[in-house]
Each structure stands twice: as structure tokens, then as C-alpha cells.
Amino acid sequence: MQKEDNLKEVISHAKEYGFVFPSSEIYDGLSATYDYGQLGSELKNNIKSYWWKSMVQMHDNIVGIDSAIFMHPTVWKASGHVDAFNDPLIDNKDSKKRYRADVLIEDHIEKYIQKIDKEVKKGIKRFGDDFDVEQFKATNPNVLRNKAKIEEIEERMRETLGKNDLEGVYNLIVDLGIVCPISGTKNWTEVRQFNLMFSTELGSVAGDAAKIYLRPETAQGIFVNFLNVQKTGRMKIPFGIAQIGKAFRNEIVARQFIFRMREFEQMEMQFFVRPGEEMKWYEYWKDQRIKWHNKLGLGEDNYRFHDHVKLAHYANAAADIEFNFPMGFKELEGIHSRTDFDLKQHEEYSGKKLQYFDPELNKNYVPYVVETSIGLDRMFLAVLSSSFKNETLEDASERAVLSLPPALAPYKVAVMPLTRKDGLPEKAREVLDTLKYDFNCQYDEKDSPGKRYRRQDAIGTPYCVMIDHQTLEDNTVTIRDRDTMKQDRVSIEELRGMISSKVSFMTLLK
Ligand code: GAP
């Protein structure tokens with residue numbers, strides 16, 4: 001299956017089974033905003049719990065907070081977001097469509113990448129297994145020509161964007177002959193900087209002072225509370241403050257389903273360390289975070305690190321963990337060594353000291369910060385897209401299955417009576433009552449057992465428990481495993497322990 005088709009299938013499956021809906025759908029939706037449905041919110045909550053448990057509850061030197069979305073407007077001046085949280089944008093005068101200038105150029109580069117891939121595919125078709133792809137790429141004149149073109153464009157893009165030379169970016173678009181995908185014309189406006197923060201007004205204040213922002217990252221809520229938490233929690237460096245919450249960015253190019261949204265959730269942790277020790281902790285958190293991902297079992301090959309060459313003004317090291325999404329490898333999480341930039345800026349703008357007294361060194365200092373920042377919605381898409389499969393079974397029938405990590409599945413177990421008579425529904429309800437305190441369970445008595453199993457496979461329920469006539473005689477049930485589709489006969493008393501050993505977070509985190 002083509003990757004783009006895979007994304008389309010994931011989107012339609014997510015909608016069909018109540019995971020994700022376009023927001024305000026009855027009004028034709030609102031671009032780049034989505035609602036999580038009844039199963040989506042369960043899956044999302046489970047991902048949050050997995051992160052919170054491992055990050056906060058399993059570290060005695062990390063605590064969690066929940067700060068307000070609205071913050072004092074000076075916060076965003078101090079953090080640099082008012083002046084520098086911009087994307088370069090360009091409009092096409094004919095289609096009236098707005099684009100991110102760098103994305104237009106990147107899409108143009110993609111055409112050369114596709115040309116190279118086409119040459120490689122031709123070679124593979126011609127020479128089969130003997131074809132040496134790397135040697136071909138290093139020597140074939142067409143490939144080399146396209147590679148040189150890519151390097152030349154990337155160099156000009158780095159140079160112009162790096163210097164904030166918007167005229168240079170415009171010239172590059174014109175020189176490359178880039179046309180608007182909608183109108184097909186080159187009738188462009190100049191390139192302008194566009195701030196990504198949403199603003200609104202505070203009801204009780206008039207004029208300019210009323211302008212406040214919807215936070216574009218949760219991290220600043222942690223920085224401004226650094227001393228509150230350190231003092232009240234008697235935290236000793238190194239320590240971390242974590243938070244899960246909404247963030248808002250007025251993305252110009254918002255596409256690829258829930259990958260890039262205007263309203264999304266972040267799970268961030270700021271780890272405060274001694275100045276000079278930040279690189280040690282940066283490596284530590286890179287290692288910890290990739291282990292966290294790998295434990296989920298979505299496939300180690302689906303992750304890779306991308307170290308940033310061009311660093312943000314506040315960072316002295318940064319890397320992304322990229323995931324193999326249906327659209328290819330893209331950023332899932334960022335790990336940033338943010339130096340003492342943010343706390344120092346807040347000291348300057350607020351006039352308040354944000355320092356830590358280190359009893360071992362017997363001195364005060366502004367701590368350095370290593371940050372881990374993951375998008376909850378991107379994590380949701382990573383889990384959903386890598387778990388979704390259409391399988392052809394031995395009897396040639398088909399099933400759609402979500403092989404979600406059991407600990408993240410919306411329902412852990414579906415309890416079903418074989419038929420709707422002979423006291424089986426009542427017995428099934430009894431069994432459900434013994435399980436519902438520990439697990440999110442679903443009761444399902446409609447349709448044939450086969451259809452019910454398919455329905456549970458499609459929403460990723462790891463276990464189905466069937467109550468049949470034998471249950472009434474000996475208190476045993478069958479338990480069916482989603483992945484192997486094998487059924488075992490077990491006693492009702494055994495169920496809780498069996499299911500628990502498979503679906504608890506402990507199996508992932510231990
Ligand atoms: N505090 C650091 C920070 O916000 P970032 O790289 O801009 O860093 C962190 O964002 C993570 O937030 C990203 O790795 C991504 O997972 C998620 N994210 C950023 N913009 C997003 C968007 N428009 N939609 C969904 N997730 C987004």
C-alpha cells in the first residue's frame with residue numbers, strides 16, 4: 001500500500017470507529033482542528049498516563065504541574081516569542097492562497113528527490129538483486145546532477161532564512177520558477193514574517209494592555225513557576241517539572257491530519273541542572289526518551305534521531321526523535337538543551353531573581369535546562385498509524401485490526417454472551433461486574449460472535465471473553481487474544497490476573 005493511501009485509511013478508520021472527527025463537522029469543519037471521539041479520548045488519556053507515570057510518578061526528582069493557558073503578556077516578550085516566533089509567508093495573488101515560503105521551496109526540493117528515487121527504481125528493475133544502490137547514487141550522472149541541484153537550493157535557503165533575508169527568499173522562489181499549486185501562476189506577493197501566536201483580549205482592560213496570547217508552548221508555564229515549585233517542593237538540583245497541556249499556533253501550513261494542528265497538546269518536561277552539566281543530562285534524556293518509545297513495541301526501526309545543525313538562539317544542543325509516520329519520517333519529539341536563556345530572560349523582564357542556592361557548591365546560580373517536548377497528538381498518530389493493519393486470514397477472509405499496545409487500548413476487554421437467551425446475558429453482566437473496577441470493559445451482545453470479534457479487533461481491544469452454556473455449569477469462559485486470535489478456556493477467577501499481567505503499564509515500564 002502507498003504511504004499516502006495508508007494515511008487516508010487511518011483517517012477514515014479513525015472517524016468510522018469514533019477515534020477522531022473533524023472539528024465542527026456539521027459546519028464543514030474548521031481547518032487543522034480535530035475532535036477526539038469516545039475511543040480517541042480513551043487512547044489519548046492512556047498515552048498521557050503512560051507519559052505521566054514514567055516521567056513524574058517514577059522519578060522522585062520530577063514533579064508535575066498544570067499551569068494556565070493565559071499568561072502575562074510580558075512572558076512572551078521575555079521568551080522571544082513576540083519578536084521571533086515567526087514563519088516566512090507568501091501569498092499567490094491569483095488563488096489568494098497563503099503558503100509558508102520555506103515549505104514551497106522544500107516541496108520543490110522534494111521533486112528532485114523523487115527524480116532520484118525514480119532513477120534508482122529503474123536501476124533495481126533492470127538489474128534486480130545485483131544492483132548496488134549506494135554506488136549507483138554516488139556515480140550516476142542524472143542522480144549527481146539532481147543531488148547538486150538540491151544542495152544548491154538548500155544552501156541558498158539556509159543562507160537567506162538564516163539572515164532573515166526575506167527578499168532573498170522571494171528571489172529564490174522566483175528563480176526556481178515555483179508556481180502556486182492551485183492557480184498554476186507565479187504571481188507572488190513579497191515574503192513577510194508571520195507571527196504564529198494567537199492573540200485575544202482580556203475583558204477587564206482597555207487598549208493595548210488588553211492583548212494576551214494563547215500559549216504556543218507549555219514550557220513557559222514551567223519556567224515562571226520554577227521557584228514556586230523548587231521552594232514548596234524542596235526540590236534539589238537536578239530536578240524536573242513536567243506538564244501536559246494545550247498549546248496553540250497559527251500554523252500557515254496545517255495539514256497531514258493531526259500531525260500539524262492549530263490547537264494541540266504537548267507533554268513537556270524541563271530538567272534543571274548545574275551550569276556545565278547540561279550536556280551530560282542532554283545525552284541522558286535522549287537515551288531515556290528513545291527507551292520510552294521503544295518499550296511500546298511499535299518497532300525500533302520506526303524511530304531515528306535527527307540532530308539539529310542550525311540551533312535556536314537559546315539552545316546549545318538539540319535533537320528530534322523522528323517517527324516513521326504514513327507521510328515518512330517526521331518530528332515526533334524534541335530534546336533541547338536550552339541553557340539558562342529562559343530563566344535569565346524572565347529575571348530580566350520581571351525584575352525577580354530566579355536562582356537556586358546549591359548547598360554543595362555553597363553558591364547561587366541560574367540553572368541550565370534540558371527539555372523533553374513531545375506532541376501528544378503526534379504520539380497518538382504514531383500509535384494509531386503503526387497499529388493499523390488490514391489482514392487476510394487463513395480462510396481468505398479479511399479483518400481490520402488495531403494492534404495497539406494493550407496498555408494503551410481504549411477497552412481492555414469485551415465481555416460477550418454467546419446468545420441473548422438461556423441466562424447468558426445475566427451471567428456475562430456478572431463477569432463484567434468482577435472486571436470493571438480494574439479495566440475499561442465493553443459489553444457486547446449484538447450480532448454473531450464472528451462479527452463481534454471483528455468489531456473489537458477494529459478498535460484494538462486486546463481480549464474478548466465469551467460466556468457460553470458451559471460457563472453456567474463450571475464457571476469457565478473462553479478468552480480470545482486479539483493478535484493470535486487463539487481462544488483459551490479459563491476459570492472466571494483467573495481472568496483478572498491474566499488480563500492484568502498483559503495490560504498493566506507495569507509490563508511496559510518495568
Ligand atoms: N517547548 C519546546 C517546543 O515547543 P517544538 O519543537 O516547537 O518545541 C515540541 O514543539 C513538540 O510539539 C513537537 O516535537 C511536536 O511533537 C509538537 N508540535 C509542535 N507543533 C505542533 C503542531 N502544530 N501540531 C501538533 N503538534 C505540534
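Reader: Hi! How far is Glu371 from a nitrogen atom of the ligand?
Author: In this predicted model, an N or O atom in the Glu371 side chain sits 2.9 Å from a ligand nitrogen. That is a polar contact (a pair of N or O atoms within 3.5 Å; within protein, one must be able to donate a hydrogen and the other to accept it, and residues adjacent in sequence count only if both atoms are side-chain atoms).

Reader: And which atom of Gly375 does an oxygen atom of the ligand face?
Author: A polar backbone atom of Gly375, at 2.9 Å. The protein buries 92% of the 560 Å² that the ligand exposes when taken alone (Shrake-Rupley method, 1.4 Å probe; for residues, only the protein chains shown count as cover).

Reader: Switching topic: how many salt bridges are there?
Author: The count is 38, each a side-chain nitrogen of Lys or Arg within 4 Å of a carboxyl oxygen of Asp or Glu. One of them joins Asp87 and Arg100, 3.5 Å from N to O.

Reader: Is Asp87 buried or exposed?
Author: Asp87 is buried, at 10% relative accessible area, and Arg100 is buried at 14%. Buried means under 20%, exposed over 50% and partly exposed in between (1.4 Å probe, protein chains only).

Reader: Which residue does Asp438 pair with?
Author: Arg496, with the closest N and O atoms 2.5 Å apart. Asp438 is partly exposed at 42%, and Arg496 is partly exposed at 47%.

Reader: Anything on numbering and cut-offs?
Author: Residues are numbered from 1 along each chain as its sequence is written, and side-chain values use heavy atoms, leaving out hydrogens and water. Local features need pLDDT of at least 70 and side-chain atom pairs count only at pLDDT 80 or more, while totals for chains, interfaces and linings use all residues.
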